[in-house]
Amino acid sequence: MGQLKANNKEVVHEEEGNVVVINTCGFIANAKEESVNTILEYVQKKQEGVVDKVFVTGCLSERYKPDLQEEIPDVDQYFGTTELPGLLKALGADYKHELIGERLTTTPKNYAYLKIAEGCDRPCSFCAIPIMRGTHKSTPIEDLVLEAEKLAANGVKELVLIAQDLTYYGLDLYKERKLADLLRELVKVDGIVWIRLHYAFPTGFPMEVLEVMKQESKVCNYIDIPLQHIADPILKSMRRGTTKAKTTKLLKEFRQAVPEMAIRTTLIVGYPGETQEDFETLREWVREMRFERLGCFTYSHEENTHAFNLEDDVPEDVKMERANEIMHIQSQISWELNQQKIGKEFKVVIDRKEGPYFIGRTEFDSPDVDNEVLIDAAKFYLKTGDYTTVKIYEAEDFDLYGEPVN
């Protein structure tokens, strides 16, 4: 979008234009289905004359371009994940190398995602990301600082650091893990209030990051560390390079180093060969670990992955039952942890107004996926992007209700 704007093209996000570019996901079945439905919807609009052209880019067309060209030929052109110059050319624009860090954000003005690396070198059996995104490539620290400065100049106050694997950051460029060094540079950027870490692989996690989290108030006491499972036979088959004992030890070290940290994780149930015993090991471990934030997904059998050679032998209804059981346990844990927040004060950022409430988040919550703080809009006036101190007076499973105190 930044490149197109620099070429004097008018660009809008998820609003109607005469030329549509669909950026797809090809990760799991649900995402692929959503991508295909969106392509079909806009091909229909093209046939009706509502739009002139439809282009498709991203992971789905990287992974399935020949199939898509055959099945949905009315798309003007398909582009893979590394074909940005070609896509721009098709849109009548030139790729400008000097535009490092120039972009248009599609999130609310107060936060933005900062991608620090692309691709992944991990061999996880269930994952198609290396097929679509290639091997791990870190973005140099100076380029990320430049991008962060430009985002801050445009009013962004929170950076959500993302990559397919944050843990590996820097190994390819600098021959050592550099996530802690990157954080030390990003906290110097004027205007940035919060920096949040997403998608850290558990194996080889650079523990000095926890030191930076303790020392630097801008680095949120929050980490998203997708663990996927905990039963040793499943971890081994998933090729995760860790064990239940090692993972549990790592999480205890996290909590010891930064006691107030909120840990978010994601789990997969119904992986090939997952027995009732494996599931019960996972279930009891979730009860024991009391994660602050947790999401659970059913296994998706993806072609060209190592696990595709295994039989997808857990029935769909059993997968769903297991996922629902984990989320039921988690909602109880979340409710209990939230009750402890009643009467306490937290720094909250306001993301939006919705119905009768202003909706905000604490540093322990990421946009879109985590808990929210609801503030009565009839009583208080707040602006998007404001940081305010809020006292909590009521708590549900996932949401808190509070009143500003300053």
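This is a predicted model: local features need pLDDT of at least 70, side-chain atom pairs count only at pLDDT 80 or more; totals for chains, interfaces and linings use all residues.
There are zero disulfides here, where a disulfide is a pair of cysteine sulfur atoms within 2.5 Å. Cys 127 is in no disulfide, and its nearest cysteine sulfur, the one in Cys 124, sits 6.2 Å away.

Residues are numbered from 1 along each chain as its sequence is written, and side-chain values use heavy atoms, leaving out hydrogens and water.

Burial comes up a lot below: buried is under 20% relative accessible area, exposed is over 50%, and partly exposed is in between (1.4 Å probe, protein chains only).

| Residue | Relative accessible area |
|---|---|
| Cys 127 | 18% |
| Cys 296 | 15% |
| Arg 240 | 5% |

Arg 240 lies in the loop between helix H10 (232-238) and helix H11 (244-257); helices are DSSP runs of H or I with at least four residues, numbered from the N terminus. Beyond its neighbours within four places in sequence, Arg 240 is in contact (heavy atoms within 4.5 Å) with residues including Cys 124, Phe 126, Phe 201 and Leu 235.

Now for the nonpolar cores, meaning sets of buried Ala, Val, Leu, Ile, Met, Phe, Trp, Tyr and Cys residues joined through side-chain atoms within 4.5 Å. The largest one has 59 residues, and among those touching the most other members are Ile 116, Leu 161 and Phe 254. Helix H6 (residues 141-153) gives this core its largest share, six residues. A second, separate core has 17 residues, including Ala 262 and Phe 364.

Finally, a helix pair. The axes of H8 (residues 179-186) and H9 (residues 208-215) come within 8 Å and cross at roughly 20°; axes are lines fitted to C-alpha atoms over the stretch in contact, with angles from 0 to 180 degrees between N-to-C directions. H8 and H9 are therefore roughly parallel, the label for angles under 35 degrees. Leu 179, Ala 180, Leu 183 and Arg 184 in H8 meet Glu 208, Val 209 and Val 212 in H9.

Note on methods. Helices (H or I, at least four residues) and strands (E, at least two) are DSSP runs, numbered from the N terminus. Angles under 35 degrees count as roughly parallel, over 145 as roughly antiparallel, 65 to 115 as roughly perpendicular and the rest as oblique.
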